[in-house]
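Have a look at it first.

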Protein chains: 2
Amino acid sequence: MLTVERHQRILQLLQEAKTVKIHELVEMLQASESTIRRDLSQLEKEGKLKRLHGGATLFQRKREEPSLVEKASRKLSEKNTIAAYAASLVERGDCIYLDAGTTAHQMIAHLDAADIIVVTNGLNHVKALLDKGIETYVIGGYVKPRTEAFIGQGAMNSLRHYRFDKTFIGVNGLHPAYGYTTPDPEEAAVKALALEQGQETYVLADHTKFYETAFSLIADLSTAVILTDGEVVEGLEDFQEHTKVVTIK
Amino acid sequence: MLTVERHQRILQLLQEAKTVKIHELVEMLQASESTIRRDLSQLEKEGKLKRLHGGATLFQRKREEPSLVEKASRKLSEKNTIAAYAASLVERGDCIYLDAGTTAHQMIAHLDAADIIVVTNGLNHVKALLDKGIETYVIGGYVKPRTEAFIGQGAMNSLRHYRFDKTFIGVNGLHPAYGYTTPDPEEAAVKALALEQGQETYVLADHTKFYETAFSLIADLSTAVILTDGEVVEGLEDFQEHTKVVTIK
DNA sequence: TAGAATTGAATGATTATGATTGATTTTGAT
DNA sequence: ATCAAAATCAATCATAATCATTCAATTCTA
């Protein structure tokens, strides 16, 4: 496997679960411990992640006690994120589906509408949702160990019992010809069904995901509105031919 | 489990409960007392929490009862004895149901049989199960905020799809005339169904639960084998008339 | 093919963990 | 208030896990 490819997959895995253990990477990427360590220290040097004893985590700017000024400016910048915008779409009384993964997780902090109900397949979302005082339902199923997302037949069966006003999912790639894609077929199936059950459907995808493709097809572009950030994407029109694209800047 | 993950979870638990006892953390996080102490003193140094005798509290707490030493540490070890025995009943290849709650949680540390599958309705069990490398399924449903257990119609529907070699549940009271009881009707319904789906069924109950009754009936005594500790219980025969009682000493 | 880059294994150093010890604190009974 | 028992605590140690470094083998590239 190519070095860059390995690096990408490491970052991708971090997106899904916000921490990885060295041993998980060794196993999943079929590389030696030495190589993984080299990858991690290099990625750390590039500021893409933070190493910890036994693994790594997504890089996040000093969470340590931000000053009032920093807080204010951060709040402001946060208003412009994909997650914040997505959350602002949720209205009082809505019932929404929230996909597993860090992207959707970021929405939770901004979910301020009253009387909403959230259904999710992300085990890690639950505590945050409860902390917000949000009425929370979880679909059941097999627990995918690393990401702690529910997938499989059990998840599908449960999901079929719900309908959503709005569905929010994350993807690994989106492409005019190949649609929305993600590596794990089982996860793709859950995402696809969640889209079907939703009245309004949204895909959260930053600009790096455009023209990328992963192994498993979730659905065509036309099945959801794309929410993305303000970075210039070449050939955005190709996507707009298929569906509405909202760019948050 | 990564150190930071443990720290995160400690803070999370603290946020939910305002205070945590060391022993609770040891049990929940499957780490030694030494490690937990180190975690706490480190987190205290970072100003994230305040240690107090027997546990910790959130930092910005007012002057409140600085004592959370529990009289129940003997009860704790008794519970643990029951849990260890219960876990020893699980054999290679078994598919078992594990009820939410602390009693069943303690079983996890002792679940050493290979190739087992665990189905649970306890959100907090999942991390511990995955850390043990156990294949884990969760029934879906409404998340009951305080206990973080899955209940309701969704939970019931999911549960109906599974069959178990062995079912383990906790109860709040057991009585020869009134059977197994628990306060919440919704939880009672889930427990009852779990018992129905199980081939062999066990109720874990320390001696303090005997002759107690709570609001909601789960099932008659005859529907499960009772696992209890070695304390002498007056009138144990009344229970043995209805079902098998295993006393672990 | 030669040179450079990448990889995997081996090494000692560093760090995290769990058990043990004796000191300290809390509790409950006088 | 005082005391004894129980629980918690801090400190220490041995063990286990992780880490940085080195070096030889392999792969890639010019």
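The average pLDDT of chain A is 91, and 92% of its residues score at least 70. Where pLDDT is low, the predicted coordinates should not be read in detail.

Next, the overall layout. Chain A splits into domain 1, covering 3–58, and domain 2, covering 78–248. Taken over C-alpha atoms, the centres of these two domains of chain A are 25 Å apart. As for how they touch, 11 residues of domain 1 of chain A are in contact with 7 residues of domain 2 of chain A.

Now for the helix packing. Two packed helices are described by the angle between their axes and the distance between the axes. Here are the pairs:

| Helix pair | Axis distance | Angle |
|---|---|---|
| α2(A) (residues 22–29) and α3(A) (residues 33–45) | within 9 Å | roughly 115° |
| α1(A) (residues 3–17) and α3(A) | within 11 Å | roughly 70° |
| α8(A) (residues 152–159) and α9(A) (residues 185–197) | 10 Å | about 0° |

Take α2(A) and α3(A). The axes cross at roughly 115°, which makes α2(A) roughly perpendicular to α3(A). The crossing of α2(A) past α3(A) is right-handed. On the α2(A) side you'll find Ile22(A), His23(A), Leu25(A), Val26(A) and Leu29(A), and they meet Glu33(A), Ile36(A), Arg37(A) and Leu40(A) in α3(A). Sorted by type, the residues of this contact are 6 nonpolar, 1 polar and 2 charged.

What about α1(A) and α3(A)? The axes of these two cross at roughly 70°, so α1(A) is roughly perpendicular to α3(A). Thr3(A), Arg6(A), His7(A), Ile10(A) and Leu11(A) of α1(A) make the contact, along with Thr35(A), Asp39(A), Leu40(A), Gln42(A) and Leu43(A) of α3(A). The residues in this contact of α1(A) with α3(A) come out as 4 nonpolar, 4 polar and 2 charged.

Finally, α8(A) and α9(A) pack at an angle of about 0°, and are therefore roughly parallel to each other. Gly152(A), Ala155(A), Met156(A) and Leu159(A) in α8(A) meet a set of residues in α9(A), among them Ala189(A), Val190(A), Leu193(A) and Gln197(A). The contact of α8(A) with α9(A) counts 7 nonpolar, 2 polar and 1 charged residues.

Methods. Residues numbered from 1 in each chain as written. Chains lettered and ligands numbered in written order. Predicted model: local features only at pLDDT ≥ 70, side-chain atom pairs only at ≥ 80, totals over all residues. Heavy atoms only, no water. pLDDT = per-residue confidence, 0-100. Axes fitted to C-alpha atoms, helices over the stretch in contact; angles between N-to-C directions. Helix = DSSP H or I, 4+ residues; strand = E, 2+ residues; numbered from the N terminus. Parallel < 35°, antiparallel > 145°, perpendicular 65-115°, else oblique. Left-handed = near helix turned anticlockwise from the far one by under 90°. Contact = heavy atoms within 4.5 Å. Nonpolar A, V, L, I, M, F, W, Y, C, P; charged D, E, K, R; others polar. Domains from an automatic or database assignment.
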